[in-house]
Amino acid sequence: MNKKIYGVLILALFASSLFGETKTIALVYEKATGVNRHALQFILENKRSLGDVSFLPIDLSQDTSPADADLYILLNTGVSSGTDPQLARFREAISGEKRVVQLNFYRDREVADVINEPAEGGVDVITAASAWGGRKARNMHNQWILILSGILN
């Protein structure tokens with residue numbers, strides 16, 4: 001009985017990957033700061049919940065040209081000082097053409113309520129804190145991954 005169930009699950013996974021369309025997600029950030037590294041790693045760890053996706057990292061400190069992607073995720077750290085100017089220029093260059101999600105991370109906060117602002121001008125905004133250690137922080141980050149998954153699917 002268990003072999004049949006596992007066989008059906010494997011077949012379903014294979015069929016969905018065979019017939020499903022892979023979405024390319026550009027992960028856009030400026031410099032490999034600690035917060036950006038944590039956010040990128042968290043996104044990669046939760047790839048399954050995002051569906052059939054492939055990632056294209058774009059470090060704006062090295063490359064500012066928009067690559068072809070289905071969705072752009074902009075990692076904006078240090079929200080208290082506003083949107084990073086490099087990210088703002090990149091967002092302006094691609095907005096209107098592609099779907100954009102800006103992930104804002106508040107600096108120097110243990111945990112923050114995850115705020116989702118629906119698309120305005122083609123940009124969805126999700127805001128959280130930049131803390132990464134502990135159960136509360138992990139729960140907070142799981143919340144924005146769920147929001148991101150809903151936007152993608």
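A residue is counted as buried when its relative accessible area is under 20%. In this predicted model, Phe 105 has a relative accessible area of 1% and is therefore buried. By that criterion, buried residues account for 39% of the 153 residues in the protein chain.

The protein chain contains 4 helices and 6 strands, arranged along the sequence in the pattern α-β-α-β-β-α-β-β-β-α. Of the contacts in the protein chain that link residues at least 6 apart in sequence, 67% join residues at least 24 apart. The accessible surface of the protein chain amounts to about 9100 Å², and carbon and sulfur atoms contribute 52% of that surface.

The largest nonpolar core comprises 27 residues. Within this core, the residues that touch the most other members are Ile 25, Ile 43, Ile 73, Leu 75, Leu 103, Phe 105 and Trp 144. Two or more residues are supplied to the core by each of the strands S1 (23-29), S2 (53-59), S3 (71-77), S4 and S6 (123-129), and by the helices H2 and H4. The largest share, 6 residues, comes from H4. Apart from this core lies another, of 13 residues, which includes Ala 69, Tyr 72, Leu 74 and Phe 90.

When residues up to four places away in sequence are not counted, Ile 43 touches Leu 27, Leu 50, Phe 55, Leu 75, Leu 103, Trp 144 and Ile 145.

A search of the whole structure identified 3 aromatic pairs. One of these pairs joins Phe 42 and Trp 144 in a tilted arrangement, with 5.7 Å centre to centre and 50 degrees between the planes. Phe 42 lies in helix H2 (residues 34-45) and Trp 144 in helix H4 (residues 135-152), so this pair ties together parts that are 102 residues apart in sequence. Both partners are buried: Phe 42 has a relative accessible area of 4%, and Trp 144 has a relative accessibility of 0%.

Trp 144 also pairs with Phe 105, in an edge-to-face arrangement with 5.7 Å centre to centre and 75 degrees between the planes. The assignment follows from the angle, because planes over 60 degrees apart count as edge-to-face. Since Phe 105 lies in strand S4 (residues 99-106) and Trp 144 in helix H4, the pair ties together parts that are 39 residues apart in sequence. Phe 42, Phe 105 and Trp 144 thus form one aromatic cluster.

The packing of the two helices was examined next. Two packed helices are described by the angle between their axes and the distance between the axes. The axes of H2 and H4 come within 11 Å and cross at roughly 65 degrees, and H2 passes H4 in a right-handed crossing. On the H2 side, the residues that meet H4 are Ala 39, Phe 42, Ile 43 and Glu 45; their counterparts in H4 are Arg 138, His 141, Asn 142, Trp 144 and Ile 145. Phe 42 and Trp 144 thus belong to this helix contact as well as to the aromatic cluster.

His 38 also lies in helix H2. In terms of accessibility, His 38 is partly exposed, with a relative accessible area of 40%. His 38 and Trp 132 are 94 residues apart in sequence, and their C-alpha atoms are 7.3 Å apart in space.

Terms used. Residues numbered from 1 in each chain as written. Predicted model: local features only at pLDDT ≥ 70, side-chain atom pairs only at ≥ 80, totals over all residues. Heavy atoms only, no water. Phe/Tyr/Trp six-rings, centres within 6.5 Å; stacked < 30°, edge-to-face > 60°. Buried < 20%, exposed > 50% of the residue type's maximum accessible area, 1.4 Å probe, protein only. Core = buried A, V, L, I, M, F, W, Y, C linked by side-chain atoms within 4.5 Å. Contact = heavy atoms within 4.5 Å. Areas by Shrake-Rupley, 256 points an atom, 1.4 Å probe, with all protein chains shown as cover. Axes fitted to C-alpha atoms, helices over the stretch in contact; angles between N-to-C directions. Left-handed = near helix turned anticlockwise from the far one by under 90°.
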